[in-house]
Amino acid sequence: MAAPDELFCWEGDWGLPSVSTDCLVVLAYAQFAGAPLKLHKMSNPWRSPGGSLPALRTNQKDTLTRPSDIIIHLRKQKYNADYDLSAKEGADSLAFISLMEEKLAPALIYTFWVEPKNYVEVTRRWYAEHMPFPLNFFLPGRMQRQQLEKLRLLRGDELLESGDELEKELYRDAAECLNLLSQRLGSSKFFFGDSPSSLDAYVFGHLAPILKSKLPNGKLQQHLKSLENLSSFCTNILLLYFPRDDRESSSQQPASQPEGGDFDHVPNKRRKQFLSALAALGAMLSYALLTGMVSIQHVQQEALEEPPDLRTIGSHEEDGDD
C-alpha cells in the first residue's frame, strides 16, 4: 500500500487548526473529501519541501504549494468533495471563489499585514514568537513584503498607498462580498446542501481567521459577527471537522523545560545547543551578506585609526530593520 501524501502547514492558534488562510482551505477540503494525508504542522516554512506553507509532497515526490493545485491533485486521487455538485452548482462555486479572491482577499491582507495595530500586535508578534531563531528576526518582515506585493497584484495598483481611503474601499468591497455569501448560505448548513464542498473550504479558510483572532482593529470582524449564519458556519465546521484542534489550540501553553532530566544526556544536549547557536549565527551572517544588510569592504589603515561616524552606523541599523 502506497504511503499517503504529506501536507505541511502552519501550526494553529486562536482555536483554529492553522493561522494561515491557504492552509485552512487545504485542511478543510482534505477533511471534507476524506483524503488520508500525513500532516506536519510547523512554524518554520524553510523546513517544508517547497520552502513555503502550505506544501503537499506527493507519492511521486512532486511538491505543490498553491491551494488550487493541491485540491486538483486530491481530486485526481479520487478525493473529490464536489462530486455531487450539478453543473450550475459547480459554476456558482467558481464564481463565489473568484469573488472572494477579488473582494475579500485584499481586505484580509490589509487587515493582518498592513493595518498598523493588527500587524504589530497580532501578526508580526505571532510569527516572531513561534518561528525559530534566527528566522523570527527577518522572516515576518519578508512575509509582509510578499503580502504587500500580492495586494498590489490583486488590485492592479503598482503605487499602493496605505491610508483611510484605501482601508474604506477594501472594507466596503469585503463587506459586500460577505453579504452576498450570507445571502447564498441562508439557513443551510453548507452552501450546497448537507455536504461540504470546495466552496465551503474556501469560505471557511477566509473567514475563520477574521472570526477567531483577537484584532485591535476589528472593523471587518465586527461585520462578520453581525452575519450570524456565516459565524455559525465557521463554528460548526470547527466542531465537526477539527474538534481536537479547537480544544488543543485554545488551551495550548508554551512548552516548558522539565525540572529534572537525564544527566547522562547533558553533554550531548549542551553540544547540540552549541552547534545550534553556531548554525544560527552562520545563518544570520549569510542572510545579512546576501541581502546587503552587511557588506565587507577593504579600508585604508588611516581610516581604521579614525573614530567611527555614529550617525552613519545608526542609519545602517535603521535600514536593516524589518
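Leu230, Ser231, Phe233, Cys234, Ile237 and Leu238 are the buried residues of helix 9, where buried means under 20% relative accessible area, exposed over 50% and partly exposed in between (1.4 Å probe, protein chains only). Seen down the axis of helix 9, these buried residues fall within an arc of 155 degrees, so they line one face of the helix; the arc is that of the directions from the helix axis to the C-beta atoms. Keep in mind that this is a predicted model: local features need pLDDT of at least 70, side-chain atom pairs count only at pLDDT 80 or more, and totals for chains, interfaces and linings use all residues. Residues are numbered from 1 along each chain as its sequence is written, and side-chain values use heavy atoms, with hydrogens and water left out.

**More on helix 9**
- Helix 9 covers residues 228-241, 14 residues in total, and reaches 20 Å from its first C-alpha to its last, close to the 20 Å expected at 1.5 Å a residue (expected span: 1.5 Å times one less than the number of residues).
- Turned away from the buried side of helix 9 is a face with the exposed residues Glu228 and Leu239.

**The chain overall**
- You'll find 13 helices and 4 strands in the chain; helices (H or I, at least four residues) and strands (E, at least two) are DSSP runs, numbered from the N terminus.
- Of the 322 residues in the chain, 41% are buried.
- Take the contacts (heavy atoms within 4.5 Å) between residues at least 6 apart in sequence: 72% of them join residues at least 24 apart.

- The 4 strands of an open sheet run in the order 2-1-3-4, with mixed pairing; two strands pair if DSSP finds at least two bridges between them.
- Strand 2 (38-42) and strand 4 (63-64) are the edge strands, each pairing on one side only.
- Strand 3 (residues 55-57) pairs with strand 4 in the antiparallel sense over 2 bridges, and leucine 56 stands opposite leucine 64 in strand 4.
- Helix 1 (residues 21-33) packs on the sheet, touching strand 1 (6-10) and strand 2, and its direction makes about 140 degrees with that of strand 1 (axes are lines fitted to C-alpha atoms, for helices over the stretch in contact, and angles run from 0 to 180 degrees between N-to-C directions).

**Histidine 73**
- Leaving out residues up to four places away in sequence, histidine 73 touches Asp5, Leu56, Thr58 and Leu64.
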